[in-house]
Amino acid sequence: MGWPLFGETTEFLKQGPNFMKNQRTRYGSFFKSHILGCPTIVSMDPELNRFILMNEAKGLVPGYPQSMLDILGKCNIAAVHGSTHKYMRGALLSIISPSFIRDQHLPKIDHFMRSFLTHWDNKIINLQDKTKEMAFLSSLKQIAGMESSSISHPFMTEFFKLVLGTLSLPIDLPGTNYRRGLQARKNIISILSELVDERKASQETHQDMLGSLMMGRRENRYKLTDEEIIDLIITIMYSGYETVSTTSMMAVKYLHDHPKVLEEMRNEHFAIRERKKPEDPIDCNDLKSMRFTRAVIFETSRLATIVNGVLRKTTHDMELNGYLIPKGWRIYVYTREINYDQFLYQDPLTFNPWRWLGNSLESQSHFLVFGGGTRQCPGKELGIAEISTFLHYFVTRYR
Ligand code: HEM
């Protein structure tokens, strides 16, 4: 487990995915280490990974770092378990259901992407910055109906500080990312509280996520407190931010590197445009017809491994795979390697979206890009809708 206190953190950070590969070669698919300040079990075994994800009730709860929990708040979804988790997740699912996506989010996403992807010609575009901005502003529009209001840009600056803070060591000293993240959380809470208060005072109903959560409270569907509503909003922004932005950015990179794929994508999207007037928005039927685009998104998330794995911790001593795991140890359900398994994916290092068409790869149990079990990503279809609409305007407007 490496050095006292530091364990194997330096090797883990320096070597990245190779650290996991090397350890697996030495110790097999289930081994212990000490990384990022915690004794950690790494599981790369597909069967075991599924078991861990399916058995939160047996004491395998989310085990995200302290800085993340402090900055995302005590009501954020990864910090709550059991019935509270069920309740919060229910409230979240009620505002990202398929009918909600169709009637409320998709029109907003279309409106946003249509104007966001203008005037990019004859300029050098930093795609990483653009996709980050896109993911943040698009979710702000769905949450609070805002686009380029006076609040959105200061909000974005605070949000980026919050994200950095969640990935830092929890040392509360001036000048640290952790301190800045905590301060950003305070500022975001004050922006959101003001918005909640304004809406309470005006009694108007708003057709957006915040409006629906407040309405749910009035109608006694999900009685969330202001604090819970605000933490849920921060959870939604945070969970869909790095995932949606990185997938969109990497999809563009792969499209650039694979002209045949780009051609097929453009055919799919021009065929959609031909059926519509220029001002017609992308609707649910268009989204359904984007079969190849969906395949491109899955292939991108597989080959670029958008999510390396998910973290759990044990709430009591327990036996796992024949070993006794002490209470409080972290378990890194490491899913990255499965994406490059040559028995599951022929030529695993080739970008080949066609492999996702005409078979049920997406629903196979080893495909864990969106997690699994009780914590499986509730924002999957919303995220796909955002990325697909982004790609639609990207490939139909630019070469
Ligand atoms: C390409 C896009 C996305 C990817 C790859 C992705 C991936 C994941 C993964 C792997 C998990 C499981 C985490 C765990 O088990 O600890 C997860 C959970 C979650 N995702 Fe996503 N996600 C995406 C988009 C979104 C979007 C747009 C939202 C916005 C609603 C969202 C909201 C959430 C939430 C709230 C959870 C926690 C669920 C719970 O703990 O019950 N995700 N996501």
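The exercises below go through a predicted model, starting with a sheet and ending at the ligand.

**Exercise 1. Work out the strand order of the open sheet and find its edges.**

Step 1: Walk across the sheet and you get β1-β2-β7-β4-β3, 5 strands with mixed pairing.
Step 2: Look for strands that pair on one side only; those are β1 (30-35) and β3 (60-62), the edges.

**Exercise 2. Show where the mixed pairing comes from, pair by pair.**

Step 1: Start with β1 and β2 (residues 38-43), which run antiparallel and are joined by 6 bridges. Here I35 has C38 of β2 as its bridge partner.
Step 2: Move on to β2 and β7, a parallel pair with 4 bridges. V42 sits opposite Y332 in β7.
Step 3: Then take β4 and β7, antiparallel again, with 5 bridges. K313 is opposite R330 in β7.

**Exercise 3. Decide whether β7 is buried or exposed, one face at a time.**

Step 1: Recall that side chains in a regular strand alternate between the two faces of the sheet.
Step 2: On one side of β7 you have R330, Y332 and Y334, and on the other I331 and V333; all are buried.
Step 3: That is 5 of 5 residues buried, so β7 is largely enclosed by the rest of the structure.

**Exercise 4. Classify the crossing of α12 and α15 and find who makes the contact.**

Step 1: For two packed helices, you need the angle and the distance between the axes.
Step 2: The axes of α12 (residues 259-274) and α15 come within 9 Å and cross at roughly 95 degrees.
Step 3: Angles of 65 to 115 degrees count as roughly perpendicular, so α12 is roughly perpendicular to α15.
Step 4: From α12, the contact uses M265, R266, H269, F270 and R273; from α15, it uses H392, V395 and T396.
Step 5: Sort these contact residues and you get 3 nonpolar, 3 polar and 2 charged.

**Exercise 5. Describe the shell around the ligand.**

Step 1: The ligand is surrounded by 26 residues, with S239, G240, G371, C377 and G379 the closest.
Step 2: Ask which helices contribute: α5 (82-94), α11 (226-257) and α15 (380-397) each supply at least two shell residues. The largest share, 7 residues, comes from α11.

Terms used:
Residues are numbered from 1 along each chain as its sequence is written. This is a predicted model: local features need pLDDT of at least 70, side-chain atom pairs count only at pLDDT 80 or more; totals for chains, interfaces and linings use all residues. A residue is near a molecule or strand if its C-beta atom, placed from the backbone, lies within 6 Å of it. Two strands pair if DSSP finds at least two bridges between them. Axes are lines fitted to C-alpha atoms, for helices over the stretch in contact, and angles run from 0 to 180 degrees between N-to-C directions. Angles under 35 degrees count as roughly parallel, over 145 as roughly antiparallel, 65 to 115 as roughly perpendicular and the rest as oblique. Two residues are in contact if their C-beta atoms, placed from the backbone, lie within 7 Å. Ala, Val, Leu, Ile, Met, Phe, Trp, Tyr, Cys and Pro count as nonpolar, Asp, Glu, Lys and Arg as charged, and the others, Gly among them, as polar. A residue is buried if 20 or more other C-beta atoms lie within 10 Å of its own, exposed if 12 or fewer, and partly exposed in between; C-beta atoms are placed from the backbone.
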